[in-house]
Amino acid sequence: MPDAPRPTLLFVVTEDWYFRSHRLPTARAARDAGFDVAVACRVAKDGPAIAAEGFRVIPLPWRRGSFNPLSALGDIRRLARLYRRERPTIIHHIAVKPTVLGGFALFLAGLRDTRVVATLAGLGLGLSGTGTKAALGRVLLRLALNAAGWRRGQALVVQNSDDAALLAAGWPRPPASRLIRGSGVDLTHYEELAEPLGPVTCAQVSRMLTLKGVEDLVAAVRLVRAQGTDLRLILAGAPDTDSPAAIPQATLDTWAAEPGIEWLGAVSDVRTVWARAGIAVLASRGGEGVPKSLLEAAACGRAIVATDVPGSREVAVEGRNALLAPPRDPVALAAVLARLAQDAALRRRLGLASRGVVDPEFGEAEVGRRMRDLYLGLVTPVPVPRRDGGR
């Protein structure tokens with residue numbers, strides 16, 4: 001008797017680099033559980049590395065920053081053709097754009113037996129705001145979830161409880177969601193590091209975007225240094241020219257020429273950053289899921305300074321391993337940085353607590369296990385009770 005075919009899992013994500021950075025642990029867990037895994041994304045330089053894991057890579061001609069209505073309709077049609085051709089057991093949409101476009105594409109494709117998972121790794125500033133545009137965006141997102149939800153199996157995954165509450169607000173039948181915090185951090189790769197010697201140094205590892213609050217952080221460090229505290233700043237990350245929020249190269253070069261500020265660009269191994277910096281910063285203006293950069297820093301035993309926004313405060317816990325400041329407030333951020341730079345005992349206490357925040361809750365093994373169990377739950381038949389009571 002031939003073996004039963006393996007269930008298929010199709011990830012739909014915008015960029016190959018994002019999948020490699022954030023979703024490999026989940027894909028590996030699914031593969032090891034018996035799924036045949038494929039990844040549909042825009043392919044740049046990381047496609048071969050994804051294929052080397054044994055995952056089939058399907059190129060998609062889209063970009064994260066494009067929300068032109070005509071382009072969106074074309075993307076929906078392409079996705080619908082892809083879904084009809086592949087007929088996967090489960091489709092996993094990752095982030096807002098694939099969830100919206102993929103939800104409508106699933107409706108158009110008419111695959112009634114396909115299960116769907118949607119992971120919202122942060123709503124972004126465009127959907128988490130309080131204005132009319134953000135509210136309309138959330139309505140569109142809910143409509144897409146409903147369009148994908150007429151099949152028997154659907155799961156909506158959020159990374160923090162604030163996003164779940166925001167999606168449910170003002171909606172008579174809000175989509176049920178489950179909380180799986182973060183994408184997982186490799187707790188064997190990121191080990192606790194000794195506090196660096198020399199001048200106190202803080203670092204932010206992120207894409208160089210205005211929404212990550214990089215400008216606010218630079219302004220705050222300038223204030224701290226002007227007040228006489230020799231605080232150094234390392235910025236690690238690329239500008240991400242596909243984003244409308246990208247900080248110009250010329251601005252980054254100007255900052256890097258200032259005393260006490262260093263811009264490294266993209267860094268392949270961020271442990272080299274945390275070997276030099278005793279304070280991890282994320283000055284985000286909002287819209288985060290659970291920032292992986294803070295998870296990695298916490299796993300390395302670093303004290304954290306973060307803005308008090310959803311997602312960041314999941315790993316940056318005020319008074320335990322972190323100090324928080326309001327977003328978009330360089331003066332308040334400077335006060336928190338100065339306090340931590342001047343208090344070595346506080347830095348040590350917060351840093352020692354950081355590892356316990358992420359281990360094991362945010363580890364790759366735990367996140368991969370929870371996602372694997374979600375997939376298996378969608379494809380495992382639910383026993384039907386016998387009418388005779390089992391006799």
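**Notebook: Arg285, cysteines, cores**

I started with arginine 285, which sits in the loop between strand 11 (279-282) and helix 12 (292-299); helices (H or I, at least four residues) and strands (E, at least two) are DSSP runs numbered from the N terminus. This is a predicted model, where local features need pLDDT of at least 70, side-chain atom pairs count only at pLDDT 80 or more, and totals for chains, interfaces and linings use all residues. Residues are numbered from 1 along each chain as its sequence is written, and side-chain values use heavy atoms, with hydrogens and water left out.

Buried or exposed, I asked of arginine 285? Buried, at a relative accessible area of 18% (buried is under 20%, exposed over 50%, partly exposed in between; 1.4 Å probe, protein chains only). Its side chain reaches the backbone oxygen of threonine 210 at 3.4 Å.

Next I checked the cysteines. I found zero disulfides (cysteine sulfur atoms within 2.5 Å). Cysteine 202 is buried at 0%, and cysteine 300 is buried at 0% too.

Then I turned to the cores (buried Ala, Val, Leu, Ile, Met, Phe, Trp, Tyr and Cys joined through side-chain atoms within 4.5 Å). The largest has 33 residues, and Leu217, Leu235 and Leu337 touch the most other members. Helix 14 (residues 330-341) gives this core its largest share, seven residues. Another core, of 29 residues, lies apart from it and includes Ile234 and Leu294.

Last, I looked at confidence. Mean pLDDT (the predictor's confidence in each residue, 0 to 100) is 89, and 87% of residues reach 70 or more. Over residues 382-386 pLDDT stays under 50, and I noted one contact beyond four places in sequence for them (heavy atoms within 4.5 Å).

Note on methods:
Polar contact = N/O pair within 3.5 Å; in protein donor to acceptor, adjacent residues only side chain to side chain.
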